[in-house]
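Please look over the model below before reading my points.

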Amino acid sequence: MTTSGPSDRSKRGTERQNWVERRREKIRAEIERNRRGEYTVPTWVLALALVLIVGGWLALIFLA
């Protein structure tokens, strides 16, 4: 049986704080890239657009 002492709790709090700081830094970096014009469209958005275009084209062919 293990018990979590104060050192375990403080360690988890530090890990969570570090995670939050890393996340904020990633967000800041992304905003800076976007402001410089380095914005890229996510791959899933491009894939969704392709599926919609091909699906619409096929619908026109088979339903016309």
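1. Start with one pair. Arg-28 and Glu-25 both sit in helix α1, three residues apart, about one turn of the helix. Helices here are DSSP runs (H or I, at least four residues), strands are DSSP runs too (E, at least two), and both are numbered from the N terminus. An α-helix has 3.6 residues a turn, so residues three or four places apart point the same way.

2. Know what you are viewing. This is a predicted model, where local features need pLDDT of at least 70, side-chain atom pairs count only at pLDDT 80 or more, and totals for chains, interfaces and linings use all residues. Residues are numbered from 1 along each chain as its sequence is written, and side-chain values use heavy atoms, with hydrogens and water left out.

3. What links Arg-28 with Glu-25? A salt bridge does, and its closest N and O atoms are 3.7 Å apart. The term means a side-chain nitrogen of Lys or Arg within 4 Å of a carboxyl oxygen of Asp or Glu. Arg-28 is partly exposed at 46% relative accessibility. Glu-25 is partly exposed at 45%. The classes are buried (under 20% relative accessible area), exposed (over 50%) and partly exposed in between, with a 1.4 Å probe and protein chains only.

4. The structure holds two salt bridges. Arg-36 forms one with Glu-38, with the closest N and O atoms 3.1 Å apart. Their side chains are also joined by a polar contact of 3.1 Å. That term covers N or O atoms within 3.5 Å; within protein, one must be able to donate a hydrogen and the other to accept it, and residues adjacent in sequence count only if both atoms are side-chain atoms. Arg-36 lies in the loop between α1 (6-35) and α2. Arg-36 is exposed at 53%, while Glu-38 is partly exposed at 42%.

5. α2 has 21 residues and reaches 30 Å from its first C-alpha to its last, close to the 30 Å expected at 1.5 Å a residue. The expected span is 1.5 Å times one less than the number of residues. Zero of the 21 residues of α2 are buried, so α2 lies largely in the open.

6. Which residues form a nonpolar patch on the surface? They are Leu-50, Val-54, Trp-57, Leu-58, Ile-61, Phe-62 and Leu-63, with about 780 Å² of accessible area together. Leu-63 lies in α2 (residues 43-63) and is exposed at 74%.

7. Last, the whole chain. The chain has two helices and zero strands. Of its 64 residues, 0% count as buried.

Notes. Patch = residues over 30% accessible without salt bridge, like charges linked within 9 Å, V, L, I, M, F, W, Y side chains within 5 Å. Areas by Shrake-Rupley, 256 points an atom, 1.4 Å probe, with all protein chains shown as cover.
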